[in-house]
Amino acid sequence: MKFADYKPYLSPALAKTTDLVVKRGKGAYLYDEEGNAYLDFVQGIAVNALGHCHPAVSKAISDQADTLINASFNMVNFPTTLELARRIAEKAPGRLGCTFFSNGGAEANDGAIKLARAYTKRPCIIAFKGSFHGRTVGATSITGSNSKYRKYYEPLMGGVYFAPYPCRDLCPEGYDEDQRADYCLKELQSLFNYLVAPETVAAIIIEPVMGEGGYVVPPKKFLRALREICDKHGILLVFDEIQCGYGRTGKMFASENFDVIPDIMTLGKAIAGGLPMSAIVSTPEIMEEWHPGMHGTTFGGNPVCAAAALAVLDEFEKEDILENVQKQGDYLRERLTGLWKKYPNIIADVRGLGLMQGVEFRNDDGTPSAQRFGKVREFCLENHMLILGCGVYGNGMRWATPLNVTREDLDKGLDIFEKALASL
């Protein structure tokens, strides 16, 4: 079977990074129809928390599918979904613990906007340049990682304002981490002074660690200051943890790296081990203002997805996944930093937390190099390794390994990556 034979039947809107037709997956590997193995360091864009077809997850899916596939969570209750809600409440920071289940990240972020507006009775939302929140109209409206995601779709949802995220691309050249935090906080205050009164703002929504926009870790003082600003003005702080949450940074939730608790948290991607599921998690008081009928879903809270999600949580404990993320993440960061020192004219930066590590490529003159990343990606694919880009200039590479990745597989991927750098 060749992808080219079926391409006419598929919308070109879904950009394809390869023409591979894969038949099965196991752990960190995908296999095409000829049985060729590909080291998969994309994992469905950080979806497969435990790799492809983890036995416990597959069994949970199979057992639940043999019992009940769906009857709509707005009609009846499912034991797996009820138990998942309880276990999320056990693990969520602070008083977060009341959950609305959805199907994907964009849908969850749309719901978070509605919840914030319903609770505060305010119309406006502040998001950040560089952030990515999804591709529905609502999520696109608060996405600022690349103008291509908004092209031809204006006018989008109103009442949205953007402030700069504290990353190098959005701050004056030469600023260190502390200066970037101060600059972005000053720009946020300027937004309040000139464009949107804080008493009209329902929520400030941010990725506590930036994903699509470039795998950027913000300064702790910045997120802590956002918490203080929201408390001062009665604004809800929303953390989009769709990609950075659920163990990816070495903590169960990315917010725990900064000791900041949001008012609303959105989860997705890794939550159900590869099945489509997301969640909006908030406090009981905030959720109380989301009255029956103000939001809904047909497939959200699906019992099969919930069964898979419970299996993921079980394995997190049995396999001590968070410790593995920290251990292997430190090793990955050390190796990547060594390659940065070895190839300073190719690599501009290495950054991240846990197994959420990003590499930024540069030209000899220091400008962003999407071309060099493209050559690295081609080399990796030719050598049977899948990688994925990020960043507004297309010059970033994100490492999204399984959270239970082994040292052996990391070394194999790093060896291919180093050979790709050497080929440049």
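This is a predicted model: local features need pLDDT of at least 70, side-chain atom pairs count only at pLDDT 80 or more; totals for chains, interfaces and linings use all residues.
**Entry 1**

I began with an open sheet of four strands, ordered β11-β12-β15-β14, with antiparallel pairing. I wanted to know which strands stand at the edges. They are β11 (347-353) and β14; each has a single partner strand, so one side of each is left without a neighbour in the sheet. Direction ignored, neighbouring strands here are turned by 30° against each other on average.

Then I went through the pairs. Six bridges hold β11 to β12, and the two run antiparallel. For L353 I looked up the bridge partner in β12, and M356 turned up. β12 covers residues 356-361 and is joined to β15 by four bridges, again antiparallel. There I noted V359 standing opposite M397 of β15. On to β14, residues 388-390: three bridges link this strand to β15, and the two run antiparallel. C390 has G396 in β15 as its bridge partner.

The hairpin of β14 and β15 has five residues between the strands. I jotted down G391 in that hairpin, with a positive phi near 95°.

**Entry 2: a closer look at β15**

Are the residues of β15 buried or exposed? I checked residues 396-399, and both faces of the strand are covered. G396 and R398 lie on one side, M397 and W399 on the other, and all of them are buried. A reminder to myself: side chains in a regular strand alternate between the two faces of the sheet.

**Entry 3: helices on that sheet**

Next I asked which strands helix α12 touches. Helix α12 (residues 370-382) packs on the sheet and touches β12, β14 and β15. I noted an angle of about 165° between the direction of α12 and that of β14. Helix α13 packs on this sheet too, touching β11, β12 and β15. The direction of α13 makes about 165° with that of β15.

**Entry 4: the sheet with β1**

I moved to another open sheet of four strands, in the order β1-β2-β3-β13, and here the pairing is mixed. At the edges I found β1 (22-26) and β13 (385-386), each pairing on one side only. β2 (residues 29-32) and β3 (residues 37-40) run antiparallel and share three bridges. In that pair, I see Y31 opposite A37 of β3.

**Entry 5: α3 and α10**

For helix pairs I wrote down two values, since two packed helices are described by the angle between their axes and the distance between the axes. Helix α3 (residues 55-67) packs against helix α10 (residues 303-318) at about 150°, with the axes 8 Å apart. Angles over 145 degrees count as roughly antiparallel, so that is what α3 and α10 are to each other. Their crossing is right-handed.

Which residues meet? From α3 I listed A56, V57, A60, I61, Q64 and A65; from α10, P303, V304, A307, A308, A311, V312 and E315. By class, this contact has eleven nonpolar, one polar and one charged residues.

**Entry 6: α7 and α8**

Last, I looked at helix α7 (residues 177-194) with helix α8 (residues 220-233): the axes come within 9 Å and cross at roughly 25°. That makes the two helices roughly parallel. This crossing is right-handed. On the α7 side the contact includes D178, L185 and F192, and on the α8 side K221, F222 and H233 are among the residues. The contact's classes are nine nonpolar, one polar and three charged residues.

How values were computed: Residues are numbered from 1 along each chain as its sequence is written. Side-chain values use heavy atoms; hydrogens and water are left out. Two strands pair if DSSP finds at least two bridges between them. Axes are lines fitted to C-alpha atoms, for helices over the stretch in contact, and angles run from 0 to 180 degrees between N-to-C directions. Angles under 35 degrees count as roughly parallel, over 145 as roughly antiparallel, 65 to 115 as roughly perpendicular and the rest as oblique. A crossing is left-handed if the near helix is turned anticlockwise from the far one by less than a right angle, and right-handed if clockwise. Contact means heavy atoms within 4.5 Å. Ala, Val, Leu, Ile, Met, Phe, Trp, Tyr, Cys and Pro count as nonpolar, Asp, Glu, Lys and Arg as charged, and the others, Gly among them, as polar. Buried means under 20% relative accessible area, exposed over 50%, partly exposed in between (1.4 Å probe, protein chains only).
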